[in-house]
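Work through the exercises below with the sequence and the model open. Each task is followed by a solution in steps.

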Amino acid sequence: MSANLFSRLDPFDCQKGDFDYYLEQFDNFLNLNSVNDDAKKVPLFISSIGQDTYKILKEICAPSDPKEKSFDQMKTMLLEYFARREFYRRNQRPGEYTGVYVNELKRLSIKCNFGAFTHDALRDRIACGKLPDDKTSNPTTVPTTSKGQSHPKPSVPQMVQVAAQKQAKVKKATIESNSAVVNPGNVQKQPKEPKAQTSGGQQKQLKCKICGHDHKEANCAHKDATCFMCRKKGHIASVCREKANKNQQQQQPVQVHVHVQQNTGVKN
């Protein structure tokens, strides 16, 4: 190695820099100055990476001294550190499809050398970094980059597919809400309620105003149901008063009044 080094390598930027590119620059720096001895590469590398990166290197090597490591060992440790930091900081961006986000995480995991932990690392990162569905399924939003440039809008078939999925979800929720279907396997049998006594000594059944069956309203499984006839909460369609009034009006006969005017004139 010559006494005076050609050029000078700037310290690595831990916040915005790419360590892969920095290592390429450092290899070119070593070739330019004909540095082939590993014993010289280590102190030259430590003095070039900067204080912030050296602090990270010391934390990785602790309790050992970084100078006890070889040049290749230091490169591998720092490469894994920055790759894993980028992996665990990668969250799903607004407007980014879930499949694109998962593929990006798989690409980042290659440099992390997780080994047998790769599947668990991907699962945990997807669970922590994925946005809620309502923030990623809107095809009309146009995500932008850090420079303000907009990404291309989704195609028309993609927009139609997303809209159809939304409409199907809304339709399904409406049907479930209107029908108020109760799963028989989850409904506990209610004990029979005592029947009210009438003045004549005969028993009179207690009719529930919510569903029309024989039990108390407080124990009715449909007490939170919404009627699909009047859209009011607290009863089902079979006991809806508006439905009964509507049917009664339809069944009433139409009275037609015919007024016959008699001709009182005398025909000659």
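**Exercise 1.** In which hand does α1 pass α2?

Solution. The model is predicted, so local features are taken at pLDDT of at least 70 and side-chain atom pairs at pLDDT 80 or more, while totals for chains, interfaces and linings use all residues. Numbering runs from 1 along each chain as its sequence is written, and side-chain values use heavy atoms, without hydrogens and water.

- Step 1. Find the helices: α1 covers residues 19-32 and α2 covers residues 38-48. Helices are DSSP runs of H or I with at least four residues, strands are runs of E with at least two, and both are numbered from the N terminus.
- Step 2. Take the geometry: the angle is about 130° and the axes are 12 Å apart. Axes are lines fitted to C-alpha atoms, for helices over the stretch in contact, and angles between N-to-C directions run from 0 to 180 degrees.
- Step 3. Classify the angle. Under 35 degrees is roughly parallel, over 145 roughly antiparallel, 65 to 115 roughly perpendicular, and the rest oblique; α1 and α2 are therefore oblique to each other.
- Step 4. Assign the hand: the crossing of α1 with α2 is right-handed. That term applies if the near helix is turned clockwise from the far one by less than a right angle, and left-handed applies if anticlockwise.

**Exercise 2.** List the residues with which α1 and α2 meet, and sort them by class.

Solution. 
- Step 1. α1 brings F19, Y22, L23, F26, F29 and L30 to the contact (heavy atoms within 4.5 Å).
- Step 2. On the α2 side are K41, L44, F45 and S48.
- Step 3. By class, the contact has eight nonpolar, one polar and one charged residues. Nonpolar covers Ala, Val, Leu, Ile, Met, Phe, Trp, Tyr, Cys and Pro; charged covers Asp, Glu, Lys and Arg; the others, Gly among them, are polar.

**Exercise 3.** Is Q92 buried or exposed, and what lies 2.9 Å from a polar atom of its side chain?

Solution. 
- Step 1. Q92 sits in the loop between α4 (71-89) and α5 (98-109).
- Step 2. Its relative accessible area is 4%, so Q92 is buried.
- Step 3. The atom at 2.9 Å from a polar atom of the Q92 side chain is the backbone nitrogen of L131.

**Exercise 4.** Examine the backbone at P63 and at S34.

Solution. 
- Step 1. P63 is in the loop between α3 (51-61) and α4. The A62 to P63 peptide bond is cis, with omega near 5°.
- Step 2. S34 is in the loop between α1 and α2. Its phi is near 55°, a positive value in a residue other than glycine.
- Step 3. S34 has 48% relative accessibility and so counts as partly exposed.

Note on methods: Buried < 20%, exposed > 50% of the residue type's maximum accessible area, 1.4 Å probe, protein only. Polar contact = N/O pair within 3.5 Å; in protein donor to acceptor, adjacent residues only side chain to side chain.
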